[in-house]
Amino acid sequence: MWGPPRVPWFPLGFAVGLALGGSLLQGLGRLRAPPRPSAAPRVAPLRSLPPPAGNSSEARALYERVRILCWVMTAPGNLETKARHVRATWARHCNVVLFMSSEPDESFPAVGLPVQEGRQQLYWKTIRAFQYVHRHHLGQADWFLKADDDTFVVVANLRWLLAGQAPERPVYFGKRFKPFVKQGYMSGGAGYVLSKEALRRFVAAFASRACSHTSAVEDVALGQCLEKVGVEAGDSRDTRGRETFHPFPPETHLTERLPVDRFYPQYSYYPVQWAAASCSDLSVSFHYVSGEQMYALEYLTHRLRPYGYRPRYRPPLPPAGPPAPTRRP
């Protein structure tokens with residue numbers, strides 16, 4: 001008696017398994033593989049507004065002498081919820097401003113880097129952003145600041161900090177942490193600023209494969225690469241030893257006892273102080289700042305003044321750094 005033809009289950013199952021396994025491996029490969037190597041198309045930067053006429057001659061001179069390019073790490077879904085508040089407030093004080101995303105947006109404007117979104121892609125986005133800046137904007141600034149779209153920066157105070165530094169010196173500044181890297185590394189959330197020579201060395205290290213994508217933890221991986229290529233982790237404290245870059249919002253530093261925090265004192269490169277002593281009068285940055293807080297901090301740092309008050313802390317302007325050797329931009 002003839003029955004229905006027998007199905008060769010083992011060969012069929014083997015073939016299906018191969019197909020499914022291949023798809024799975026391909027999917028995993030996409031998660032771990034580097035972003036597309038193609039360069040992002042150039043986007044016109046959002047240039048800053050000229051210094052207001054009421055600014056002091058000192059601030060105007062620093063604006064012209066200490067040229068800072070600010071690039072802000074953002075995402076397509078954050079342009080209207082976060083990045084637009086940065087654009088409307090502190091970013092206007094940079095000499096050049098760029099918003100780095102994974103998709104281009106000419107109306108904002110935002111640069112579309114060849115990367116995916118997600119925390120696992122933060123270091124890739126950082127690498128591609130610095131490569132983009134080096135390729136298109138190296139000659140337009142001497143210092144290159146990376147900040148998140150929830151970081152507030154007092155750019156004038158950053159200029160004061162950098163005024164005595166030579167951009168041809170391989171150095172970078174930020175909130176210095178100490179584990180994982182011998183010389184320490186700078187907190188990603190508080191922002192960090194690279195000299196022109198530091199940027200050159202970072203980009204060259206990836207071109208020569210002296211550095212590679214070793215970790216998704218952006219700030220640690222970048223610190224390890226910079227240490228490898230001889231970029232110094234600079235001291236960003238003021239002349240009284242107070243911190244200028246801050247990984248938390250102002251209220252956290254001013255009202256909480258950070259020294260009893262479980263992790264912060266272990267990570268901080270310098271001894272942690274608390275309350276008013278934790279923040280320099282010339283602080284540069286704060287992290288985890290909401291959109292509403294951006295406008296409040298912009299008002300407090302650039303407009304509100306108590307009548308008749310003389311700043312209690314007014315250190316002299318550092319002398320200009322040593323002249324840089326002549327080289328191409």
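A cavity is a set of grid points where a 1.4 Å probe fits but cannot get out. By this criterion the structure, which is a predicted model, holds 2 cavities of 30 Å³ or more. In composition, the lining of the largest cavity comprises 5 nonpolar, 6 polar and 3 charged residues.

Open space was also examined. For the second largest pocket, a volume of about 810 Å³ was computed. A total of 29 residues line this pocket, and those closest to its centre are Arg119, Leu122, Asp148, His287 and Tyr288. Several helices contribute to the lining of the second largest pocket: helix 4 (122–137), helix 7 (218–228) and helix 9 (264–267) each provide at least two residues. The lining of the second largest pocket divides into 13 nonpolar, 7 polar and 9 charged residues.

Strand 2, spanning residues 68–73, is largely enclosed by the rest of the structure, because 6 of its 6 residues are buried. In a regular strand, side chains alternate between the two faces of the sheet. In strand 2, Ile68, Cys70 and Val72 point one way, whereas Leu69, Trp71 and Met73 point the other way, and all are buried.

The pairing of strand 2 involves two further strands. With strand 5 (residues 143–148), strand 2 pairs in the parallel sense over 6 bridges, and within this pairing Cys70 stands opposite Leu145. Strand 3 (residues 96–101) also runs parallel to strand 2, to which it is joined by 5 bridges. Here Cys70 stands opposite Val97 of strand 3.

When residues up to four places away in sequence are not counted, the contacts of Gln183 are with Arg176, Glu227, Val231, Glu232, Ala233 and Tyr269.

Key:
Residues are numbered from 1 along each chain as its sequence is written. This is a predicted model: local features need pLDDT of at least 70, side-chain atom pairs count only at pLDDT 80 or more; totals for chains, interfaces and linings use all residues. Side-chain values use heavy atoms; hydrogens and water are left out. Contact means heavy atoms within 4.5 Å. Buried means under 20% relative accessible area, exposed over 50%, partly exposed in between (1.4 Å probe, protein chains only). Helices (H or I, at least four residues) and strands (E, at least two) are DSSP runs, numbered from the N terminus. Two strands pair if DSSP finds at least two bridges between them. On a 1 Å grid over the protein atoms alone, a cavity is a set of points where a 1.4 Å probe fits but cannot get out, and a pocket is an open set with protein on both sides within 12 Å along at least five of seven lines; lining residues have an atom within 4 Å of a point. Grid points are joined across faces, edges and corners, and a volume is the space filled by probe spheres set on the points. Ala, Val, Leu, Ile, Met, Phe, Trp, Tyr, Cys and Pro count as nonpolar, Asp, Glu, Lys and Arg as charged, and the others, Gly among them, as polar.
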